[in-house]
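Open the model in your viewer and keep the selection tool ready.

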Amino acid sequence: MKVAVLTSGGDSAGMNAVVRSIVKCGILKGCEMWIVREGYEGLVRGNEEYPTDEKNKNSKESHQEAVSRTDSPSQQQCDPNLLHNLRFGDGELLRDWTAEYVGGRTLKGRYIVRVGWDDVRGWFSEGGTLIGTARSAAFRTPEGRSAAALNLIKEGIDGLVVCGGDGSLTGADLFRSEWPSIIKNLHAQNLITNEQLSAHSHLKLVGLVGSIDNDMAMTDMTIGAPTALHRICESIDNINSTAYSHSRAFVVEVMGRDCGWLALWAGVAIGADFIFIPEQPPAAMPWEDHMCAEIRRHREVGKRKTIVIVAEGAHDKELNPIRADYIKDVLTERLGLDTRVTTLGHTQRGGRPCAADRILPTLQGVDAVDALLSARPDTPTYMIGVQENKIIRVPLVDAVKATKDVAKAIKAKDFEKALALRGPEFREMLDGFFATSCLSDEKDRLPKNQRMRVGIIHMGAPAGGMNAATRAAVRYCIKQGHTALGVHNGFRGLLDDNIDELTWLGVDAFMARGGSELGTNRAMPSIDIGGVASKFQMHKFDALLLIGGFEGFNALLQLEEGRKHYPAFHIPMVHLPATISNNVPMTDYSLGCDTSLNALVDACDAIKQSASASRDRVFVVETQGGKCGYLATMGALASGASLVYTPEIGMSLDSLRKDVRYLKNRYSLDVPGKSEGRLVIRNEASSKVYTTDVLTKMLIEEGGSLFDARSASLGHTLQGGIPSPTDRARGARLSLRCMAFLEQHHQRLSQQPAKARQASPETAAVITIQASEVKWVPVQEMVLHADMANRRGKTNCTLHYFSSAAIMVSRPPLPLKYANPNIREHLLAPTLPPVKYQILNCQGKDILVGRLKIETPTETGHAFILRRFDTGAVSLTTMFRAAFPNASEHDEKVEIQWVKDNYDLSGNNGSSKDPNVTRLAGTWVSPELALELGKAYSLGALIQAVVDASPDPSATYRRSGKAAAAAASATSVLSTTTSTPNGATAVTATSSVESSTIVVSKPPSAAKSLPTPSPTSSAPPTKRRKESTPDPPQDVKPSRASPTPSKPTVAPRRSTRTKSQSPAPRSTTGTVAPLTSLRTPKTTRSTKAPPSTSKKAAVQSDLASVDEEAVEYKVAVDDLHKEDVKEQLKLIEDLKAQRDAAMAADQDSKEGLAESSKKREREEEDKPLKFEFKEPETEERAIATNRRVGRFNNLEPRTKSVAWGIAAFAFGLGAMWVFH
């Protein structure tokens, strides 16, 4: 598939990150990637004016030069598609702004250009759009759109990604809707052939919103808006100092012709006194009186500066424009303030993108490629948007319509509708601005019986946004009539009575200050829980607001548990997460992490500049973050790091070897003399052995002549600095939600008698952002999702971002040419295939599994995606085989090994270290990882169905043939009669030599509960008799390529690549108890039948004992992976040794002592000599001496006197001898 990407409309920071992400992700998905210069105008012009100059031979020379450097064996192991699309030579022209250079290599006259992986290298740190943008009048005409379609067809492009504002996306949707008629006209004019008409019957199109105004509906954030907000806040922060110095007023005009998002968020983030936005003009008329009255109040309480922010499209209730110069005249004439006007203009558009405008566009670009590949003629054109922290898809038509409805509502003076169309977050921020900027009168406050004394405590390490959240809480308290009590230095300060009442003006400067103005430490309430309770009672706390990281969550947990003993804790308490590590469970976002990410990006940009100047240098950058890899992972996405190491994934010698090999290959593919400096980001707790210093020395040693290495530890620089606008605005928003929570529960608790007040667990909660929602989680519920030992959540919130980071760097190619074509039919069907349930019996234990059947173009005609419900894990093996059914075993092994190297798979399947979980064949991954990998495999909705499946605990689920046979065998052993259980079915399988009867037991009643992992089986184990002990095979060499067993006595394991073989027949003379050790091959007793007869009986027995669907379920008894063979052989040898020892002991008990001793002599002769060293038993002797002293004290008095006499006599003789 050929995909082109263009940027249109006004430029915005982050557009280059989108282009880079789409190009790299598209190449990894097997697509040819193209860029369109100058937006829609370039699409209309095409490549008709492309010169045939010898200096400009397209990019074949650069491409052949790149491919020619792939002769070494290590480089030939790289993705062939990636090597074929490594570079085409035009990326440097675009990045260096020499695309239309006259006299040398140029892109002049060429607007649709093919690009490779390295052509977009380093783009995301550049502002604006390097591929150019223009407002095209020609594209607005039918003739222009027809020319654009013809140019796309000429280049063979059938997918288009458009990044622009609402106007650009409206044109894109119109272009797609007209596409069928356009190509018919082109064919009628003989401009395209029949083959081209058939191949390009449908245009696949996806839109991304690039606009600094953030004016698109149905998305919380547009590309470029965060960076524009950064520019505004940086400018106003600088203005604040001069405004305070001269006691001046400043009127700052920001962009926003039809949307006031920038003005609103900037007003909240910098603490403006007044704002003007199009969606909500001043309620009072004339507005001049209202504005002057509010600013006069601020001046009366002692405020020295005044900041008024006005959007360029601001107006009053009558839609009369409000200009910055007019506001200046009003403030000067009516209030006598020395007022200045600052128009920021296009400085808001330019500059380096902030961290958010690198990360979000990257994630949106990945999703855009996925949406493009899954697009069909009957699916709508999607717009990729954001809700809170979640990437979403919405129909482009609906988003554009809702955006236009906002403008219509404003023109109709229906401002409430306009606010509603902007979304709940916009309205919430507007209410928050009024709550924190206005001084209220006594009559507007709550009744005195509803007012609270609110304690505010900072916990843990400092983080950006703590002070902003405190400022918002204090000002809300004052507006409502509450009393805000600031506790300095955490719980230690509380015990020392270091508490102040915070004032409206006292917190005015908190917004732009980093760290913690109240002071913070890691002391917990447990240092003196009784003292903390007494201080709560002494200061009459009615509510508590904790702002901090994992320590804050832990402190809230201790206070909630202390309610059992201390009535003072029966008040509403809330925790607002604030930590740069973002390690609080169940939340995707914590205050401070955005500020820290921006500090990390700034440092990495400077370090990378130094590395690039040296041409061949790798920098290992160490970050903070504790045992949570959020900061390192997101920093890698934002800085373009080549490698990233986190505690969740860990570091191993194998992964380091692989990474060093990757760096060597990558540097060898660079243009000589133009190698790029590269970054390796390592979390401080990734490994205790492979430290930053060890890793740096390893890279220096292994780099040789290819590259050098240096290290840089950022340390506590990530905790300081001015908070980012996002942390400020979100801190204020979440803090106000916390105050509303405290008010609500305080009002309910106040209705109870004071001495008998009992707070419910819901009154001690943590505010969290989960995907696209803000949720309250009781602390007792959150502790269930917390990994207290590692101080992070049990669910890895960085997994999704780590996967995206890996995609942007390197991962093995997926065998897309073997992709299952039937998956699309399943996804487009009205309903997805159902998930069915079945009980397996493995190693004597029942395991409930869910399976989703997928049609495949193979001999069997189908495959299953499996999930086990004891651990919740999903089979990666079955996922891969369902997605790529005809891929080779090598492709499967490479993909599974990559997953093992980059993700922690512990706990998903059994192992020798975790004997409580029964091990099944294949590789199993967590549901979260399955969803992420499912997107790469194009199985997204199908994996979601498997993950969402929930079996009914009271339902009866059919057993597989193996499980039924095992249950029947156990029943026959335990039963004392010869009759079969109720509902059992007897099936006889005969052969030319012997016959055997298999009883398949069907459960007579519903299962009481789902099978769960257990160290022991529910049925009592049967005793193994010596004569019935099976002989383990001497050599076990499972092979997926060989469907037949090497020995007739060993049951062959089934392979998912070949037709399943059946186990050997059961003996009719007795029952053999299964081996209880994990991962031991199933064996049977030896028979005297020839191999062919045994094999035939095995097939008949299998057909008799396993039903049709159990045969289809062959993957559940698939052979174990090669890495388990060694452990299997070791277990077999151990079992054999134990059996021999048992037989020897039994023989000894039956024979005489003489014969027994001879046997032991023979055995001792065979044993090698061993030297056993034993430590001196000094400790035992000391204890023995103490015992003797104890016995002396317990002697009779007369005996003790005689002893003392003898001792004295001996002492005297000794003295005489000495002095003689």
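What should the twelve residues of helix 25 span at 1.5 Å a residue, and how far apart are its end C-alpha atoms? Select residues 692-703. Helices (H or I, at least four residues) and strands (E, at least two) are DSSP runs, numbered from the N terminus.

A word on the source: this is a predicted model, where local features need pLDDT of at least 70, side-chain atom pairs count only at pLDDT 80 or more, and totals for chains, interfaces and linings use all residues. Residues are numbered from 1 along each chain as its sequence is written, and side-chain values use heavy atoms, with hydrogens and water left out.

Select Thr692, Leu695, Thr696, Leu699 and Gly703, the buried residues of helix 25. Buried means under 20% relative accessible area, exposed over 50%, and partly exposed in between (1.4 Å probe, protein chains only). Look down the axis of helix 25: the buried residues fall within an arc of 100 degrees, so they line one face. The arc is taken from the directions from the helix axis to the C-beta atoms. An α-helix has 3.6 residues a turn, so residues three or four places apart point the same way.

Now turn to the face away from the buried side. Lys697 and Glu701 are exposed there. Step past the helix end to Gly704, where phi is positive, near 60 degrees.

**The cover and the sheet**

Show what covers the buried residues of helix 25. The cover includes strand 17 (617-623), strand 18 (643-645), helix 24 (653-668), strand 19 (678-683) and strand 20 (708-713). Contact means heavy atoms within 4.5 Å.

Which order do the strands take in the open sheet? The four strands run 18-19-17-20, with parallel pairing. Strands 18 and 20 stand at the edges with a single partner each, so one side of each lacks a neighbour in the sheet. Two strands pair if DSSP finds at least two bridges between them. Strands 18 and 19 have three bridges. Pick Leu643 and its bridge partner in strand 19, Val680.

**A separate stop**

Jump to Pro927 in helix 32 (residues 927-936). Pro927 counts as buried, because its relative accessibility is 17%. Finish at Gln944, which is 17 residues from Pro927 in sequence and 8.7 Å away in space, C-alpha to C-alpha.

Definitions and conventions: Expected span 1.5 Å × (residues − 1).
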